[in-house]
Amino acid sequence: MHLSNSQDIGARSIILLVEDEDLLREMLEETLLEAGFGVLSAASGEEAADLLSGSSLPRALITDINLGRARMDGWALARRVREHDPSCAIIYVSGDSAHRWVSKGVPRSVILPKPFAPAQLVEALSDLLIRTS
């Protein structure tokens with residue numbers, strides 16, 4: 001887990017980032033850290049679900065929908081996160097599944113189609129955290 005010392009909304013927010021592509025996960029993690037968020041990162045839905053058993057729940061989940069060969073996709077992970085914390089902000093990122101968000105996404109979530117600029121992720125996350133505060 002990486003934590004930042006920033007004093008903005010992000011400094012109080014631990015984000016669970018789930019992305020199976022290593023380079024993209026590292027880039028998104030760096031973007032979130034630079035924006036002042038604390039980040040827990042995982043490469044699979046199962047790994048992320050294990051992190052949920054910790055004492056502090058994430059304030060938000062950012063998850064890819066298709067997580068490689070993992071049994072748990074981003075849709076299922078978001079449902080599990082919401083079972084633990086109904087107020088958790090959810091952002092789905094996907095290159096090919098955005099069209100299924102209306103039918104498969106959890107309520108009060110956002111979809112960010114790939115490719116996107118890192119600033120778009122930070123803006124979407126900040127907006128969602130303000131709305132769920």
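First, the ground rules. This is a predicted model, where local features need pLDDT of at least 70, side-chain atom pairs count only at pLDDT 80 or more, and totals for chains, interfaces and linings use all residues. Residues are numbered from 1 along each chain as its sequence is written, and side-chain values use heavy atoms, leaving out hydrogens and water.

Now the sheet. It is open, has 5 strands in the order β2-β1-β3-β4-β5, and pairs in parallel. Strands here are DSSP runs of E, at least two residues, and helices are runs of H or I, at least four, numbered from the N terminus. Two strands pair if DSSP finds at least two bridges between them.

Start with β1. Buried means under 20% relative accessible area, exposed over 50%, partly exposed in between, with a 1.4 Å probe and protein chains only.

Next, its neighbours. β1 joins β2 by 5 bridges, and Leu 16 has Leu 40 as its partner in β2.

β4 then joins β5 by 5 bridges, with Val 93 opposite Leu 112.

Last, β5. 4 of its 5 residues are buried, so β5 is largely enclosed by the rest of the structure.
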